[in-house]
Amino acid sequence: MTEQSTGNDVCIIIGASHGGVNLAFALRKEGWEGEIHLIDQDPNPPYHRPPLSKAHLTTDDGLEKILLKAPKAYEDNNIQLHLGHTVTAIDHVHQQINLEDGSSKKYDKLVLAVGARPIIPPIKGIDDVQHLYPMRTADDVNKIRSAFKQSTEKRVVIIGGGYIGLETAASLKKLGGEVTVLEREERILARVTAPVMSEFFHKLHTDNGVDIHTGKNVVELRQNTNRQEVVCSDGTVYPADVIVMGVGIRVNQELAEEAGLKIDNGINVNEQCKTSDNNIYAIGDCTYHYNNHYDRWLRLESVQNAVDQAKIAAQALTEKNPKYDALPWFWSDQYDVKLLMVGLSDGYDEILKRDESTDDQHKFSTWYFKGEQLLAVDAVNNAKAYVVGTKLIGAKKPVNKQVLSDPEQDLKALL
Amino acid sequence: MAKITFITKDDNTIVCEADSGSVMELAVQNGVKGIDGDCGGVCSCATCHVHVAPDSVERVGEAGEIEKDMLELDDEANERSRLCCQLEVSDELDGIVLHVAH
């Protein structure tokens, strides 16, 4: 890139979800003058993913309610959308990408915002069942919704008790489903949160009429005339009209791998989102990056990381000198519970629970410490705890645990 | 039908009309700069922050508890701040003016 102008430079972004779309607009904002091409396999105009398992599933609203940007905004910003196209290879020597229709396109800068795809484990019989779907795209939701509506008994079996599985469970329960969640570990959310949170969500779902079974290893799927059966290693069998697979994701790293980019647990990028190739950047769920605050390398599956890395990459591509230094945050909505999470709790050695519940509402927060350092906060119906936690973690400020543990005392006294 | 006016940080005035949906969705559909709505409208990200024009404050009303707490993450927050994903379009809002905070 010349230092005078990006006027003739072409930036190609592979992946038009939260990361790719935000990057395209951020690039314009930062002054990129050349062409911007946004390519995605998904034929739909780019949309928000988090609502897919929540409000989008429970309503009949179309995608227009959850579009990331207005169609006109792409035109106004001269961002060229290429939807329904698959990139088959990156030729980093000639700086071009190849597409499935045999065409190719040259780039000056390439950004991989390729995300991840649901893991579909090789369970016996998985190819034979008619209504088994992951929960990652708008098309997945259409299929789940349609199979659900067409069935008379509305029996749903969800394989995997992570956030996606549990949100889907809550939504389909709301639609009148008979919902069962099968989790392989001894508790739900085992990979992502502490036992105290797992217990809370287990009870929340049970109270709302969802059956949760832990320690269940699914070994076979069967297709009968009108229904499917989910068979576990202990011999139990669950009939299902719809099966939803929510056992995690796998990074779409093949293009990067074949192009010879450095890969660890995802596509390796520096603090400016640059890969091991000078002209190729990567952002979002697919990146393995260094987190300054926690002083370690990690991969995040979150909107926050996709959007924040998009901003950093846009600055880097326009020759500023940014440095990624964001605090991870997440959210989940299930029934009337709003969960807000900030920070990463891995490595905690102490948990403090601050309970501010009333007779008619759950309201509490879980605070994760390593020694005196506050690592993370999970806040249930408690935005104040989330906000105070965000400020304390960000500032690495010592926390008065006595004040924190006493729900009578205002959290703001900690700031 | 409600007519809602957004004034962006760079002084663009965008007048939008709608019958329903959230004010954040309306802003995004009309490409109002500075309204991102990263969380899709569930009051989790504080990226749809507006300052309600003094004349419109009474009609728009006060922020809810969660919304007020979330606004504290933003240095630009003041007593006229709202997260516009929490505003439902209705006839009541016809004619209001919102200044985008970022």
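Chain A touches chain B through 19 of its residues, which meet 15 residues of chain B. The model is predicted. Chain A also holds an open sheet of five strands. Helices α1(A) and α8(A) lie across strands of that sheet.

**The side of chain A that touches chain B**

- Four elements of chain A each give two or more residues to this side: α3 (71-76), α8, β23 (329-334) and α9 (383-395).
- Helix α9(A) supplies the largest share, four residues.
- By residue class, this side has eleven nonpolar, six charged and two polar residues.

**The open sheet**

- The strand order is β3-β2-β1-β7-β20 in chain A, and the pairing is parallel.
- Strands β3 (79-83) and β20 (280-282) of chain A form the edges, each pairing on one side only.
- From one strand to the next, the twist averages 20°.

**Where β7 meets β20**

- Strand β7 of chain A covers residues 109-112.
- Three bridges join β7(A) to β20(A), and the two run parallel.
- A:L112 stands opposite A:A282, which is in β20(A).

**Helices across the strands**

- Helix α1 of chain A spans residues 18-29 and lies across β1 (10-14), β2 (35-40), β3 and β7 of chain A.
- The angle between α1(A) and β2(A) is about 175°.
- Helix α8 of chain A, residues 303-317, lies across β1, β7 and β20 of chain A.
- Helix α8(A) runs at about 160° to β20(A).

Methods: Residues are numbered from 1 along each chain as its sequence is written. Chains are lettered from A and ligands numbered from 1 in the order in which they are written. This is a predicted model: local features need pLDDT of at least 70, side-chain atom pairs count only at pLDDT 80 or more; totals for chains, interfaces and linings use all residues. Two strands pair if DSSP finds at least two bridges between them. Axes are lines fitted to C-alpha atoms, for helices over the stretch in contact, and angles run from 0 to 180 degrees between N-to-C directions. Two residues are in contact if their C-beta atoms, placed from the backbone, lie within 7 Å. Ala, Val, Leu, Ile, Met, Phe, Trp, Tyr, Cys and Pro count as nonpolar, Asp, Glu, Lys and Arg as charged, and the others, Gly among them, as polar.
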